[in-house]
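Hi,

Here is the structure I said I would pass on.

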Amino acid sequence: MAWSEIVVVTQALLQGLGTVLTLFFVVMIASIPLGFLLTLASRCRFAPLRWVVNAYIYVMRGTPLMLQLFFIYYGLPFVSDFFKMVLNSAMVCALLGFSLNYAAYFAEIFRGGLLAVDKGQYEASQVLGLSRVQTTVRVILPQMFRVALPSITNESITLIKDTALVFSISVLEILYYAKAAVTRTGNVFPYVIAFLIYLLLNTVLQLFFNWLEKKLDY
């Protein structure tokens, strides 16, 4: 491809970058708190709630994300008019599907982080006279987050790559524009440009989390 064509194709692919970034930030903001709430619910003493939450996590982690997107996008609108009204665009379906799916994964990550905190920390907090809330906020959560951070990093990188799946429900993102450019030009080089864009995004993300890990080590 000529340089001018590469510039035109790159500009076209960057139109989908906004979709990828929107998906990433909205899903992270929604799924991390939801995942933590699921972790707490899965450890509560009320057995029915614990069973429901564990079943949810099992189903969301045990089925393909693309299949979940298909179910939300094609299936739920036929269930009731409420879903048809709420899920009024492919982007809304994508945000919902990704948030629900990644919340299940973050729930398991946080559960592992909580289990990694030594039980002696709870006992020491009681000796110091800290309440249960103070113990959780000041002692347990910082340690849990530090332990869970590498896994959160991996899930965040996976999320960037998984955003390409929304192409399957007609959301206009990088892969959609790359495929359109390949069809239009008869050249596969737009896929190389898409490859480099995704690689650059994940490189920036990895550098950020590396900096965050070093920051938390002090």
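Below is what I found, going from the overall fold to single residues.

Before that, the ground rules: this is a predicted model, so local features need pLDDT of at least 70 and side-chain atom pairs count only at pLDDT 80 or more, while totals for chains, interfaces and linings use all residues. Residues are numbered from 1 along each chain as its sequence is written, and side-chain values use heavy atoms, with hydrogens and water left out.

The chain has ten helices and zero strands, so the element order from the N terminus is simply α-α-α-α-α-α-α-α-α-α (helices are DSSP runs of H or I with at least four residues, strands are E runs of at least two, and both are numbered from the N terminus). Along the principal axes, the C-alpha atoms fill a box of roughly 70 × 50 × 25 Å. Of the 218 residues, 39% count as buried (buried is under 20% relative accessible area, exposed is over 50%, and partly exposed is in between, with a 1.4 Å probe and protein chains only).

Now to the second largest pocket, which holds about 240 Å³ of space. Its lining has 15 residues, and the closest to the centre are Phe 24, Phe 25, Leu 205, Phe 208 and Phe 209. For the terms: on a 1 Å grid over the protein atoms alone, a pocket is an open set of points where a 1.4 Å probe fits, with protein on both sides within 12 Å along at least five of seven lines, and lining residues have an atom within 4 Å of a point. The volume is the space filled by probe spheres set on the points, which are joined across faces, edges and corners.

Which helices supply at least two residues each of that lining? They are α2 (17-42), α8 (132-162) and α10 (189-217), and α10 gives the largest share, six residues. By class, the lining has 15 nonpolar, no polar and no charged residues (Ala, Val, Leu, Ile, Met, Phe, Trp, Tyr, Cys and Pro count as nonpolar, Asp, Glu, Lys and Arg as charged, and the others, Gly among them, as polar).

Leu 205 lies in α10 and is buried, at 11% relative accessible area. Its C-alpha atom is 7.1 Å from that of Ile 157, 48 residues apart along the chain.

Helix α10 also carries Val 192, which is partly exposed at 36%. Together with Phe 195, Leu 196 and Leu 199, Val 192 makes a nonpolar surface patch of about 380 Å². Such a patch joins nonpolar side chains (Val, Leu, Ile, Met, Phe, Trp, Tyr) within 5 Å, from residues with over 30% relative accessible area and no salt bridge; areas are Shrake-Rupley with a 1.4 Å probe, and for residues only the protein chains shown count as cover.

How many salt bridges does the whole structure have? One (a side-chain nitrogen of Lys or Arg within 4 Å of a carboxyl oxygen of Asp or Glu). Glu 108 pairs with Arg 111, with the closest N and O atoms 3.1 Å apart. Both lie in α6 (residues 90-116), three residues apart, about one turn of the helix. Glu 108 is partly exposed at 23%, and Arg 111 is partly exposed at 33%.

Last, a backbone detail: Ser 170 has a positive phi of about 70° although it is not a glycine, and it sits in the loop between α8 and α9 (174-185).

Cheers

Note on methods
Patch = residues over 30% accessible without salt bridge, like charges linked within 9 Å, V, L, I, M, F, W, Y side chains within 5 Å.
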